[in-house]
Amino acid sequence: MMGTDGQGSSWLGARIGWDAIRATLSAQRVARRNFSHFLGGITLLLFLLEVGSGVLVLLYYRPDVAQAHASLERIVGEVPYGDLIRNVHAWSSDLLVLSLVAHMFTVVVRGSFRSPRELSWWSGQALLVLCIGLAFTGAILPWSQEAYLQARVGSELARYVPFVGNWLHHFLRGGDEVTSSTLQHAFGFHVAALPAAVTALIFLHLFFVQRRAATTPRDDDAPTMPVYPDFLVRQAAAWTATFVVVMTLAIFAQRSVGVAADPRLPSVVGARPPWYFLAFHHVVRVAPRDLLGMDGARFLVAAMCGVGLAVVALPLLDRRGSRLTAYLAWIFLLACALLSAYALT
Amino acid sequence: MSNDDRAPTAPRRDFLGMAVGASATAVAAAIGYPVARFVEPRPMPSSGPTLVGKVEDFALGTGKTVLVDEKPVLLLRSADGHFRAFSAICTHLQCVVGYSAERNQIECPCHKGVYSVEGVNIAGPPPRPLEELVVSVREGSVIVSEA
């Protein structure tokens, strides 16, 4: 594409000033690290896949309790490549949560949340909250028996959040009860409000991450590499690998659309939340009715909110980079994995 | 001297900065408040007493779930023909309960909660009895209304 004299002799290169862009990117250096350094980029790609496949699904989906599930069945069963596109949407969302959590976990273990990178951390936390919102609203849209149940139980647990619980409960349901308004509300947030907010925050997050690269990284003794070509080539390899995983899952592992919701039917026996809420759900399920004078479930939700606030406040709580934070993160991860495995048995 | 020259401009700059900040806040509030009020879900008006079927639609000694204002309501008809209606929403985590004719009780399949046919929580995690609704029969029609 480029002339060897570096004058940007290609047609496009001359018009976009490629030589100047390349010089900037080559001059900027990032730490040469392991795989974990590419998790943020992988998360970004998965979000883009969600947007792309979501826009396509939107062409046929009908946000109406009487038609939602049938429209999804039509997408999967009749529309050419509908099952593939819907599978990409469903699998990417799971992988998005996975890579987001992995990204956050490695940041904690590396201690990269510390000053002067607080803004990167907080914008990342805001992205995590919005992505949970996307997952919650997205799970409602198929309006299957499972979706209906998740809307009921998920919003009910939100009621136990201290101080804002009742408001959150009402807001998530789009009213006091899980009804057609819930679906309408979830639809608007899932396809418009939340994706727009996430997109804006991604730019902010990338901006903060970029700026802190210009300040003094804590581990500046680590070897570095130029952003172009070394870092971007590696990131492109990580993107390719992610894309291959998504497509393999989407082609070979069909995602069920369930049966249409009928609020008159009793809930399914042994219903489970999505995998990332398994540990939490299990703890709440086995909670005693009374815990330290409080309703057991309410107590545990409040405790989880406390943990969440501590995680957000990490840059303030751990200024120096104690090993304790990394150990606690490992213990938390292992506990969640064990509880999830136990909940499945 | 140069310090003296700059001195009067500093408060002026501060004032202008504050004015811009205050205006921006006012604009944000003027946009944000109506948007927040708009987004907040509206309370759903209750449709009042709801006709859920004819008496003969409900066999003696059975339970049937119907929708009242889009909410599941469990209607029980005893062997002597008496009607009772309960919100079919479990008081534990809000799963939908069902009537078991075999065991003559109301059961929540999610976490094995059990209620008597009087709606009283008798086993499992439910903390409270089911909410009861009022049933009336008029000219062969079964009507359910909020208590």
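Predicted model: local features only at pLDDT ≥ 70, side-chain atom pairs only at ≥ 80, totals over all residues.

Modeller: Let's start with a pairing: strand β1 (residues 50-54) of chain B is joined by 4 bridges to strand β10(B), and the two run antiparallel.

Residues are numbered from 1 along each chain as its sequence is written, chains are lettered from A and ligands numbered from 1 in the order in which they are written, and side-chain values use heavy atoms, with hydrogens and water left out.

Back to the strand. β10(B) also has strand β9 (residues 132-138) of chain B as an antiparallel partner, this time through 5 bridges. Here Val142(B) turns up again, as the bridge partner of Val137(B). β9(B) and β10(B) make a hairpin with 2 residues between them, and Glu139(B) in the turn has a positive phi of about 50°.

How enclosed is β10(B) itself? For strand β10 (residues 141-145) of chain B, 5 of the 5 residues are buried, so the rest of the structure largely encloses it. Buried means under 20% relative accessible area, exposed means over 50%, and partly exposed is in between (1.4 Å probe, protein chains only). In a regular strand, side chains alternate between the two faces of the sheet. In β10(B), Ser141(B), Ile143(B) and Ser145(B) point one way, Val142(B) and Val144(B) point the other way, and all of them are buried.

Now step back to chain B. It has 2 helices and 10 strands, and from the N terminus on the order is α-α-β-β-β-β-β-β-β-β-β-β. Its radius of gyration is 30 Å, well over the 15 Å that the globule rule gives for 147 residues, so chain B is more spread out than a compact globule. That radius is taken over C-alpha atoms, and the rule is 2.2 Å times the number of residues to the power 0.38. Along the principal axes, the C-alpha atoms of chain B fill a box of roughly 105 × 35 × 20 Å. Of its 147 residues, 36% count as buried.

Chain B also has a share in the largest nonpolar core, which has 42 residues; those with the most contacts inside it are Tyr61(A), Ile140(A), Trp143(A), Leu157(A), Leu183(A), Val97(B) and Ile106(B). Such a core is a set of buried Ala, Val, Leu, Ile, Met, Phe, Trp, Tyr and Cys residues joined through side-chain atoms within 4.5 Å. Among the elements that give two or more residues to this core are α7 (145-158) and α9 (180-214) of chain A, along with β3 (71-77) and β6 (105-108) of chain B. The most comes from α7(A), with 5 residues.

Take Leu183(A) from that list. Leaving aside its neighbours within four places in sequence, Leu183(A) is in contact (heavy atoms within 4.5 Å) with residues including Tyr61(A), Ile140(A) and Trp143(A). Apart from this core lies another, of 23 residues, among them Phe47(A), Leu96(A), Leu127(A) and Leu134(A).

Rings are worth a look too: the structure holds 12 aromatic pairs over all chains. Rings of Phe, Tyr and Trp (its six-membered ring) pair if their centres lie within 6.5 Å; planes under 30 degrees apart count as stacked, over 60 as edge-to-face and the rest as tilted. Trp143(A) and Tyr148(A) form an edge-to-face pair, 5.8 Å centre to centre with 80° between the planes, and both are buried. Phe207(A) and Phe208(A) have ring centres 5.8 Å apart and planes at 50°, so that pair is tilted.

Last, back in chain B, the charged end of Lys64(B) sits over the ring of Phe58(B), 5.1 Å from its centre. That label needs NZ of Lys or CZ of Arg within 6 Å of the ring centre and within 35 degrees of the ring normal.

Notes. Pairing = 2+ DSSP bridges.
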